[in-house]
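Subject: Structure handover

Dear colleague,

The structure is below, with the sequence. My notes on it follow.

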Amino acid sequence: MLDQSVPYKNIIMYAQKDQFLNREQPVLSKPFCFRLFRPGDEEQWARLEWSVGEFPSQKEALDYFCGQYLPKSSLLVQRCWFIWDEQKNQAAATATAWFDKMGEEERTASLHWVSADPSYQGKGLGKAITVRALQTLAEKEQGKYVYLHTQTWSHKAVALYLSLGFRLVRVGGFAQYANDYPAYLPILKEKMRPADWENLTRSLPQEDL
């Protein structure tokens with residue numbers, strides 16, 4: 001769930017894309033399996049994103065998905081991943097291996113909308129779906145780096161991305177998202193575990209901390 005008790009600030013992160021190319025695929029135990037998008041799964045996506053607080057209502061989440069992604073359905077079936085609970089026949093987590101415009105570059109590999117149903121917390125599904133989507137980006141996108149947008153409300157996710165090799169982008173952002181570096185650093189310092197905070201700051205200038 002999002003932590004809306006802290007100020008909202010945009011965070012842009014990047015990682016070397018090739019490190020995910022030959023990474024071992026996560027192993028899921030029953031009743032879970034990886035599944036790519038199928039027609040009708042937009043309802044599952046909307047339910048997941050609403051359940052973690054990304055949208056005020058499930059309908060708004062669905063409208064967003066239908067406007068932003070469904071027109072590119074040929075890509076969705078290759079890039080929008082779910083972890084599926086076969087016992088309950090529903091999505092437990094999702095992440096999308098997509099692309100964005102960043103700076104003067106025409107297209108950059110970008111990880112979109114990583115979410116896991118709160119009722120499945122503690123099962124490692126968030127990390128598993130993230131890795132699976134990153135593997136897809138490494139296979140399908142050009143360029144040296146993969147980027148993602150997150151926010152201070154998702155400070156727990158920042159720690160996950162750090163563990164996967166992501167670092168903070170200090171200058172520049174996506175066309176649709178600002179980069180609030182370094183304004184978000186005090187918020188992260190307050191909320192993150194000391195070890196995660198130390199990991200985050202290793203590559204940053206001392207004067208920014």
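Helices (H or I, at least four residues) and strands (E, at least two) are DSSP runs, numbered from the N terminus. Alanine 128 sits in helix α4. This is a predicted model, in which local features need pLDDT of at least 70 and side-chain atom pairs count only at pLDDT 80 or more, while totals for chains, interfaces and linings use all residues. Residues are numbered from 1 along each chain as its sequence is written, and side-chain values use heavy atoms, with hydrogens and water left out.

Alanine 128 is buried, at a relative accessible area of 8% (buried means under 20%, exposed over 50%, partly exposed in between, with a 1.4 Å probe and protein chains only). Its contacts (heavy atoms within 4.5 Å), leaving aside neighbours within four places in sequence, are Pro26, Leu28, Phe34 and Ile83. From alanine 128 to valine 27 is 7.9 Å, C-alpha to C-alpha, although 101 residues separate them in sequence.

On nonpolar cores (sets of buried Ala, Val, Leu, Ile, Met, Phe, Trp, Tyr and Cys residues joined through side-chain atoms within 4.5 Å): the largest has 41 residues, and Met13, Ile83, Phe166, Leu168 and Leu200 have the most contacts inside it. Helix α4 gives the most to this core, eight residues. Another core, of 17 residues, lies apart from it and includes Phe37, Trp45, Cys80 and Trp84. Leaving aside neighbours within four places in sequence, leucine 200 is in contact with Val158, Leu162, Leu168, Leu185, Leu188 and Met192.

The largest pocket has a volume of about 1,200 Å³. A pocket here is an open set of points on a 1 Å grid over the protein atoms alone, where a 1.4 Å probe fits, with protein on both sides within 12 Å along at least five of seven lines; lining residues have an atom within 4 Å of a point. The volume is the space filled by probe spheres set on the points. Of the 43 lining residues, Val114, Ser115, Ser154, Ala157 and Tyr161 are the closest to the centre of the pocket. Strand β5 supplies the largest share of the lining, seven residues.

Regards
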